[in-house]
Amino acid sequence: MRTPRLSVGFALASKDSHLARQTPEEALALQKKLFADALEIMTKKRADYSGTVDPYGNFRLSMPMAGVEPWRGVLVRLGDKFSRLRHIMDRKGQAFVVDETLNDLFLDILNYTCILAGLCAEELRANADSKEQSLAAAAETLAPLYEQGL
């Protein structure tokens, strides 16, 4: 096991935790680096996993394959990532999988969160469109009754 490091060089685990506090500048540098790296990885992985037409195509397979809405599938994946993070941090940053860094884990969490946001937005839009269609159909059905004074 080893203590993971973030790509910007800030040690995550330290016996002298009071000495390991980030300055505001270090925190901002870390956040900028994580977001930039996450976007770069998302772009590459999206091409590998779902191609260029449907950004969430691979996640949509969860419905026909397992009967699970895509957003729920991503939520499960996020839960797995948070579970792994909790176990690593409970071991003071010690990870058993040495070829996947804690930085990689944070990037996965960022990217799955973005994917979840996109799928939830689609789901909410579909629900809103469905409600509008239902209301329009109901109004169309009821209009002749109102015209007849019923």
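K45 forms a salt bridge with D108, with 3.9 Å between the closest N and O atoms; a salt bridge is a side-chain nitrogen of Lys or Arg within 4 Å of a carboxyl oxygen of Asp or Glu. The pair links distant parts of the chain, since K45 is in helix α1 (residues 24-50) and D108 is in helix α5, 63 residues apart. Helices here are DSSP runs (H or I, at least four residues), numbered from the N terminus. The model is predicted, so local features need pLDDT of at least 70 and side-chain atom pairs count only at pLDDT 80 or more, while totals for chains, interfaces and linings use all residues. Residues are numbered from 1 along each chain as its sequence is written, and side-chain values use heavy atoms, leaving out hydrogens and water.

**Salt bridges**

- Side chains of opposite charge can pair when their charged atoms come close.
- By the rule given above, the count comes to 8 salt bridges.
- K45 counts as partly exposed because its relative accessibility is 39%, and D108 counts as buried at 14%; buried means under 20% relative accessible area, exposed over 50%, and partly exposed in between (1.4 Å probe, protein chains only).
- R84 forms a salt bridge with E100, the closest N and O atoms lying 3.2 Å apart.
- This pair also links distant parts of the chain, as R84 belongs to helix α4 and E100 to the loop between α4 and α5, 16 residues apart.
- E100 is partly exposed, with a relative accessible area of 25%.
- Salt bridges that share partners join K45, K81 and D108 into one network.
- In another salt bridge, E69 pairs with R72, and their closest N and O atoms are 2.8 Å apart.
- E69 is partly exposed at a relative accessible area of 25%, and R72 is partly exposed at 40%.

**Aromatic pair**

- A search of the whole structure finds 1 aromatic pair; rings of Phe, Tyr and Trp (its six-membered ring) pair if their centres lie within 6.5 Å, and planes under 30 degrees apart count as stacked, over 60 as edge-to-face and the rest as tilted.
- The ring centres of F59 and Y112 are 6.3 Å apart and the ring planes stand at 80°, so the pair is edge-to-face.
- Because F59 lies in helix α2 (residues 57-60) and Y112 in helix α5, the pair ties together parts that are 53 residues apart in sequence.
- Both F59 and Y112 are buried.

**Backbone at K92**

- Most residues other than glycine have a negative phi.
- K92, a residue other than glycine, has a positive phi near 60°.
- K92 is found in the loop between α4 (70-90) and α5 (102-147).
- K92 counts as exposed because its relative accessibility is 63%.

Conventions:
Helix = DSSP H or I, 4+ residues; strand = E, 2+ residues; numbered from the N terminus.
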